[in-house]
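Student: I would like to learn how to read a protein model feature by feature. Could we take one together, slowly?

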Amino acid sequence: MPAALAYTCLAVSMLLVGGNIAVGKAILDELPVFLFALLRFAIACLVLAPGMLLPAVRRRLDRQAAGGLFLQAFFGCFLFSLFILHGVRLTSATSAGIVLSITPSLVALLAWLLLSERIAARNSLAIGLAIAGMALLNLLESGQGGSASLLGNALVLGAVLSEALFAIYSRRLSLSLHPWAMAFGVNLAGLLLFLPLAWPQAMSFDWQAPSSTTWQLLGFYSLSASVLSFLLWYTGISRVAANVAGLFIGLMPLSAALVGVFALGERFAASHALGMVLVLGAIALGAWPGRRPSGSAIGSRLQARQDSAPVADTPGR
């Protein structure tokens with residue numbers, strides 16, 4: 001796969017996730033949080049299940065790979081949701097946005113520690129631009145009073161760590177597993193993780209209360225955020241080093257801001273414009289053709305073998 005196509009997959013994946021924030025808010029007006037999560041993963045599993053009948057999709061999907069997919073769902077779907085839901089209730093949106101802005105640098109740090117990826121000077125500068133851009137995109141000019149809760153900021157930091165670990169695990173497994181199998185496995189694990197929390201809400205919920213529009217939005221959200229975005233992310237990150245893929249996370253708040261402005265009529269501030277420029281500059285700098293970002297020796301060897309085979313060997317621990 002050409003690098004440009006891999007970058008496009010990563011970009012569209014994060015744009016879908018960010019753009020669906022407004023859709024998710026609309027759904028949560030009529031559905032409880034945990035029940036919404038359960039239904040989202042259930043619909044995605046139903047859509048992805050037929051593809052699991054193909055032997056090529058199931059190839060190398062063993063117990064070890066299943067454990068890695070469960071960890072992805074645990075960090076990237078379950079813990080991330082719990083930390084964000086409770087964290088933003090205890091701290092200001094401004095403080096939460098600043099904490100979330102360190103995600104690219106944390107992905108790069110974990111890629112260096114766990115995947116032995118080397119971070120070149122150019123990539124370091126790109127990460128710095130992404131951090132600055134994401135901070136500006138999340139800063140509010142509302143002048144909210146009071147001090148931010150230390151516990152709330154700590155919970156948001158937990159969400160950042162969870163998202164970074166999701167990126168690391170997805171990079172490792174994408175070198176050996178089919179993107180379709182990864183998407184199905186993560187959604188299935190997310191379904192099982194949220195089931196105990198959602199079951200009480202499902203038992204007491206009035207299923208006739210939500211409007212037909214809400215059910216349509218739920219279907220759209222499930223297909224775009226839980227199916228298409230996962231497939232695109234896994235396809236792209238199999239060809240891109242984790243520290244570079246982390247830069248594309250900056251597109252998530254960017255697309256959320258654009259949807260807020262054009263779809264919800266929110267005010268477009270100068271900080272939004274500057275933040276977008278910094279994020280796009282970071283991605284352009286990190287993905288600029290030339291010297292390819294280097295991963296671990298094992299990852300590089302697997303990458304070369306993927307170019308000549310549909311599925312690569314299982315990477316090391």
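Student: Is F74 buried, partly exposed or exposed, and at what relative accessibility?

Tutor: The general idea is a scale of relative accessible area, on which buried means under 20%, exposed means over 50%, and partly exposed lies in between, with a 1.4 Å probe and protein chains only. At 26% relative accessibility, F74 counts as partly exposed, and F70, with a relative accessible area of 40%, is partly exposed as well.

Student: What should I know about the model before I go on?

Tutor: This is a predicted model, in which local features need pLDDT of at least 70 and side-chain atom pairs count only at pLDDT 80 or more, while totals for chains, interfaces and linings use all residues. Residues are numbered from 1 along each chain as its sequence is written, and side-chain values use heavy atoms, with hydrogens and water left out.

Student: How many helices and strands does the protein chain have?

Tutor: Helices (H or I, at least four residues) and strands (E, at least two) are DSSP runs, numbered from the N terminus. In the protein chain, the secondary structure comes to 14 helices and 0 strands. Of its 317 residues, 51% count as buried, and the chain exposes about 14500 Å², of which carbon and sulfur atoms supply 69%; such accessible areas come from the Shrake-Rupley method with a 1.4 Å probe, and for residues only the protein chains shown count as cover.

Student: How many aromatic pairs does a search of the whole structure find?

Tutor: A pair of aromatic rings is described by the distance of the centres and the angle of the planes. Rings of Phe, Tyr and Trp (its six-membered ring) pair if their centres lie within 6.5 Å, and planes under 30 degrees apart count as stacked, over 60 as edge-to-face and the rest as tilted. Searching the whole structure gives 14 aromatic pairs. In one of them, the ring centres of F70 and F74 are 6.5 Å apart and the planes stand at 10°, so this pair is stacked.

Student: Where do F70 and F74 lie, and how far apart are they along the helix?

Tutor: Both belong to helix 4 (residues 63-90), and because they are 4 residues apart there, about one helical turn separates F70 from F74. A stacked pair is also formed by F230 and Y234, with 5.9 Å from centre to centre and 10° between the planes. F230 and Y234 lie in helix 10 (residues 212-237), again 4 residues apart, or about one turn of the helix, but here F230 and Y234 are both buried.

Student: Which residues form one aromatic cluster with F70 and F74?

Tutor: The cluster is made of F34, F41, F70, F74, F75, F78, Y169 and F194.

Student: How many disulfides does the search find?

Tutor: A disulfide is a pair of cysteine sulfur atoms within 2.5 Å, and the search of the whole structure finds 0 of them.

Student: Where is I249, and is it buried or exposed?

Tutor: I249 sits in the loop between helix 11 (242-245) and helix 12 (251-262), and at 1% relative accessibility I249 counts as buried. From I249 to T103 there are 146 residues in sequence and 7.7 Å in space, C-alpha to C-alpha.

Student: What is the phi of R60, and where does R60 lie?

Tutor: R60 has a positive phi of about 65° although it is not a glycine. R60 lies in the loop between helix 3 (55-58) and helix 4, where R60 is partly exposed, with a relative accessible area of 30%.
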